[in-house]
Amino acid sequence: MTVNFYLRFSTKYGQTLFVSGNCDALGNNDIAKAVPLYYFNNELWLAKVEFSEADLQGGSLQYKYIYRDDTGAEIIEWGDDREIDFEKSAAKEITVIDIWNHAGQVENAFFTQPFQQVLLHTATATKVPAPKTCTHELRVKAPLLKEDEMICIVGSNDTLGNWSTENPLLLSKNGNWWTIKLDLSDESFPVLYKYGVYGTTDKKLRFFEGGGNRILQGGTGKGKLTILHDGFAQLPFPNWKGAGVAIPVFSLRTNKSFGTGEFTDINLLVDWAKINGLKLIQLLPINDTTATHTWTDSYPYAAISAFALHPLFINLEKVAGTKKNATLKSLAEKQQQLNALPAVDYDAVMQIKFSVLKELYLLQKDEFLNDTKYFEFFDMNRHWLVPYAAFCYLRDKYKTSDYNQWATNSVYHENDIQELASPTQKHYDEIALHYFIQYHLHLQLKDATAYAHKNDIVVKGDLPIGIYRYGCDAWMAPDLYNMDAQAGAPPDDFAIKGQNWGFPTYNWKKMQEDGFAWWRQRFEQMSEYFDAFRIDHILGFFRIWSIPVNAVEGILGRFVPAIPVHISEFHQNGIAFNHQRYCTPFITESVLYEIFGTDDYHAKENFFNNYDGQWYLKDEFNTQRKVEAYFSHQPNDKFQEKIKFGLYDIISNIILIEEEGSNGQQFHFRINADHTTSFKYLDGYTQGKLKELYVNYFYVRQDDFWKKEALHKLPELKRSTNMLVCGEDLGMVPNCVPDVMQQLGMLSLEIQRMPKDSSKDFFHPADAPYLSVVTPSTHDMSTIRGWWEEDPAKTQRFYNNELGHYGASPFYCEAWINKEIVVQHLYSPAMWSIFQLQDILGISEKLRRDNPNDERINVPANPKHYWQYRMHMSLEDLIKEKEFNAEFGGLVKASGR
């Protein structure tokens, strides 16, 4: 069997193409063994491949194309739906003519999980009979047809009806493709043709696709078959748009929950969303964060397992069932008390739930451990479930999640953990308890998402960028992470000293060795529950803000990887290089007074030394971690805080950070180095020259480098899931980020008060790209109402320029203003408009909270923030608010979402 692979693709010099597939002739999907294509003409590349009998035994060939640029970077085309069925073809020679399937093509989004499994309802297409002799098979995609629509074809010869629209040929639906088999053996070539949309109710061709006529070149011959993959039918630009609501699970409030939102509460959220025409609910991370058994575990981005679900969200009544429900009767009063609180009492809820779950496990363990459905769950998840349960057992045994402090098993060995978790162990119940909890969490979340799907509502999850330093993932495979670094974010308007999340950074080279297996497993498990997900801080896949472990504040970090500045560049730019001056804290009498004021004498006496008129930090205070440790034992008052943060500022008063291991040859600029006192005390000439290098370092030299870094990771990761991927691309965004996200078909995040164009005060939702999510606020920000009161001057500009009103802006964000902002987002051209529930309720003077500051979920500048926001009214009551629901639902419907 001979197959001629023709690919319509325009390349530049140095770029090459390959074809790979599931047999020996095409390298068995090993890209290193893929078959090269050769330049055929300006439009086509060609590979002629001979297939052996062994190759044909598989029955069908699945294949795809790979593009390699002049730097060696490789991109695999999107999709897994190119197939040749050898068994159904008697041809000895097959010619396939293909179009590269670009991941960023808008229509590809509609082949992702939320659309294919939840949102798009298309009729089952009629199977069209094939001719006895088939010389050509045409295949085309059209994901957004209505329920009574099919694809049809007409063309320039007798077989295709000579352009008659009276009886066009209908195509059959086969997987993602609309297909038709034709016998063109008696026709002349070239053949002109066009696809159209046919209505099955009115039984006529409704309209043709756009663009010029398609052309089929070449003839036929005995034993030959030509297959055309024609890409997408050129139908009007997709105008599909949806709206959604975002809220953490713990923030939900129902009459039956237990002081916190639970998975079972999602059903009522779905009911409310459906009433209002919303098509998506978005949640924050739902993984277990139980490290200390205190409220500090409320931070949802510090999961002790990337796989385990959080026991906080379990519904005890569901676990107990009707037979064991008596166990819960004594808790009714406590449940009522906790559920009436304005916010989540994390400690109390978790303490009660763990206590009851232990009791329920002991009551049910015989039945549970012999349940075949549980066996199936255990089998599918044992790779993370057993280590997680063992980790939790050891955490509680040694009263810490810091495995370095454990007396046993501080280093993970699989055989040891299997023995520790053996059913023959006396402590097995303490291990199996966590199997029990995770199984019931799984059942409850699956039930909730199934209910959402039944009501045509998509569930969107959240993928944290980091893993907890003292969690199960780091314990199991510390070599996958850089444990000597801390991930965070550079300074911005919301955190002027940057953010230090404390997570280790990823060792991407190590992760790549097994094809990102950990990430694949993570995505596979997420897709059990979610249809779409938000990648938290997608910029971390380009470069991560890496902070040394001896630093507390994010401002002392730098981007990794990054191309450093070589010492020779300073000399070439006329800068007299002085390592001491640029790389160590700049401390003078004036600097000390500027930072400490009249308390500078106290600071000098206790924290500094003076040698030959020069000031230096004492060794015991020369890092921020040392300063933090010292002040943890001092009184917690304003004076001590002033001194502590003053010392932090002194330590970060540097211009350059030396590249480790470079022997004083390579350097990175400290972020905002030009704003430091150290920089201010330089002469004007040196300031100007350093600023030129600073701008080059952050905004010029890294862009292509970071693009290549992302293209080593993101395409492979995106290919491992069919969920719709949305990237949180906020902050200091490199120029290459939008291009990479567009190439991969990842939705961007557009926020009105965080324009990506630095020359603008605000971003207007009307300017959003189609493949994006627009929102007026996120969980890391104040709500619309809270923001309105933060900066009156900025609010005034927004009122006049963005809302188009004259005169002075109201001091408070009145309901009509909140409504106008919501409406702006609903009418955006973006695929999705998603709102925090607080911003939706903000359109009602009656329903919204009295104090907008009580609506905020998180304050990123505060690493000790208590995540405890809850709805101030129950979902049951919200569903009953018919007037409000009619108003908001009417806005959604009128916008076409």
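These entries cover the sheet and then the cavities of a predicted model.

**Entry 1, the sheet.** I looked up the strand order and found an open sheet of eight strands, E34-E26-E21-E20-E19-E37-E36-E35, with parallel pairing. Strands E34 (724-727) and E35 (748-751) stand at the edges; each has a single partner strand, so one side of each lacks a neighbour in the sheet. From one strand to the next, I noted an average twist of 25°.

I then checked how E35 is joined to strand E36 (residues 772-775): the two run parallel, with four bridges between them. Glutamate 750 stands opposite valine 774 of E36.

I counted ten cavities of 30 Å³ or more. Which residues lie nearest its centre? Of the 21 residues in the lining, they are Ala246, Gln282, Arg534, Thr778 and His779. Strands E34, E36 and E37 (832-836) each supply at least two lining residues, and E37 gives the most, with three. I sorted the lining into eleven nonpolar, seven polar and three charged residues.

The lining has 15 residues, and Ile286, Asn287, Ala306, Met526 and Phe530 are the closest to the centre. Strand E21 (458-463) and helix H12 (517-526) are the elements that give two or more residues to this lining. H12 has the largest share, three residues. By type, I noted eleven nonpolar, two polar and two charged residues in the lining of the second largest cavity.

Technical notes. Residues numbered from 1 in each chain as written. Predicted model: local features only at pLDDT ≥ 70, side-chain atom pairs only at ≥ 80, totals over all residues. Heavy atoms only, no water. Pairing = 2+ DSSP bridges. Axes fitted to C-alpha atoms, helices over the stretch in contact; angles between N-to-C directions. 1 Å grid on protein atoms, 1.4 Å probe; cavity = no way out; pocket = protein on both sides within 12 Å on 5 of 7 lines; lining within 4 Å. Points joined across faces, edges and corners; volume = space filled by probe spheres on them. Nonpolar A, V, L, I, M, F, W, Y, C, P; charged D, E, K, R; others polar.
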